[in-house]
Amino acid sequence: MGIASTLGAVGAAALLTLGSAATATAAVSPAHNDDGVIWGTVVSGPDLKVRDEPSTSGRIVAELPRGSEDRVDCATRGTAVHGDSLWYWMTGVGGWVSAAYVDTHGWHVPSCTSKDPCPKWKDRDCHEPCAYSRH
């Protein structure tokens with residue numbers, strides 16, 4: 001009986017420790033979909049090219065390293081990459097990236113049809129990057 005009680009106490013302590021570690025890990029990870037914010041994690045490497053339009057022929061305005069996170073504002077259709085024609089508008093870096101290279105952790109990304117975060121990309125005569133882009 002003494003051994004069972006000791007193992008029970010050790011097991012309970014281990015569960016409490018694991019539970020605390022899981023809580024600490026969750027607190028360190030960025031919040032996903034808090035107040036409607038969706039965070040995307042770059043899963044391609046070494047660097048994901050951020051473009052001024054949702055197309056592989058768009059001008060590169062920035063690059064995001066593998067594992068980095070940025071706010072995903074909305075999605076639109078563009079050039080298919082590995083069979084995926086969705087492109088995400090990344091708010092922090094101010095440009096478009098192929099959805100094939102970004103993990104949104106299961107959150108549904110709304111369409112850009114109701115609000116276009118960068119209407120200049122549709123204007124083929126526009127050679128300036130969209131607002132908020134970094135070089």
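Within strand E6, valine 97 is the bridge partner of tyrosine 88, where strands are DSSP runs of at least two residues (E), numbered from the N terminus. The model is a predicted one, in which local features need pLDDT of at least 70 and side-chain atom pairs count only at pLDDT 80 or more, whereas totals for chains, interfaces and linings use all residues. Residues are numbered from 1 along each chain as its sequence is written, and side-chain values use heavy atoms, with hydrogens and water left out.

Strand E5 (residues 84-90) pairs with E6 in the antiparallel sense over 4 bridges, pairing being assigned if DSSP finds at least two bridges between two strands. The two strands E5 and E6 form a hairpin with 4 residues between them, and glycine 94 in the turn has a positive phi of about 70°. From strand E6 (residues 95-98), Gly95 and Val97 point one way while Trp96 and Ser98 point the other way, and all are buried; buried denotes under 20% relative accessible area, exposed over 50%, and partly exposed the range in between (1.4 Å probe, protein chains only).

The structure holds 1 aromatic pair. Tryptophan 89 and tryptophan 96 form this pair in an edge-to-face arrangement, with 5.3 Å centre to centre and 70° between the planes. For such pairs, the ring centres of Phe, Tyr and Trp (its six-membered ring) lie within 6.5 Å, and planes under 30 degrees apart count as stacked, over 60 as edge-to-face and the rest as tilted. Both partners are assigned to the interior by the accessibility criterion, since tryptophan 89 is buried at a relative accessible area of 4% and tryptophan 96 is buried at 0%.

The structure holds 1 disulfide, defined as a pair of cysteine sulfur atoms within 2.5 Å. This disulfide is formed by cysteine 74 and cysteine 112, whose sulfur atoms are 1.9 Å apart. Cysteine 74 lies in strand E4 (residues 69-81) and cysteine 112 in the segment after strand E7 (102-103), so the pair ties together parts that are 38 residues apart in sequence. The torsion about the S-S bond of cysteine 74 and cysteine 112 is about 95°, and the disulfide is therefore right-handed. Cysteine 74 and cysteine 112 are both buried.

Serine 55 is located in the loop between strand E2 (47-51) and strand E3 (60-65) and is buried, because its relative accessible area is 11%. When residues up to four places away in sequence are not counted, serine 55 touches Thr79 and Trp87, a contact being heavy atoms within 4.5 Å. The side chain of serine 55 makes polar contacts with the side chain of serine 57 at 2.8 Å and with that of threonine 79 at 3.2 Å. A polar contact is a pair of N or O atoms within 3.5 Å; within protein, one must be able to donate a hydrogen and the other to accept it, and residues adjacent in sequence count only if both atoms are side-chain atoms. The C-alpha atoms of serine 55 and valine 81, which are 26 residues apart along the chain, are separated by 9.2 Å.

Backbone geometry was considered last. Most residues other than glycine have a negative phi, and most peptide bonds are trans. Histidine 82, in the loop between E4 and E5, has a positive phi near 55° and counts as exposed at 71% relative accessibility. Histidine 105, in the segment after E7, has a positive phi of about 60° and counts as partly exposed at 36% relative accessibility.
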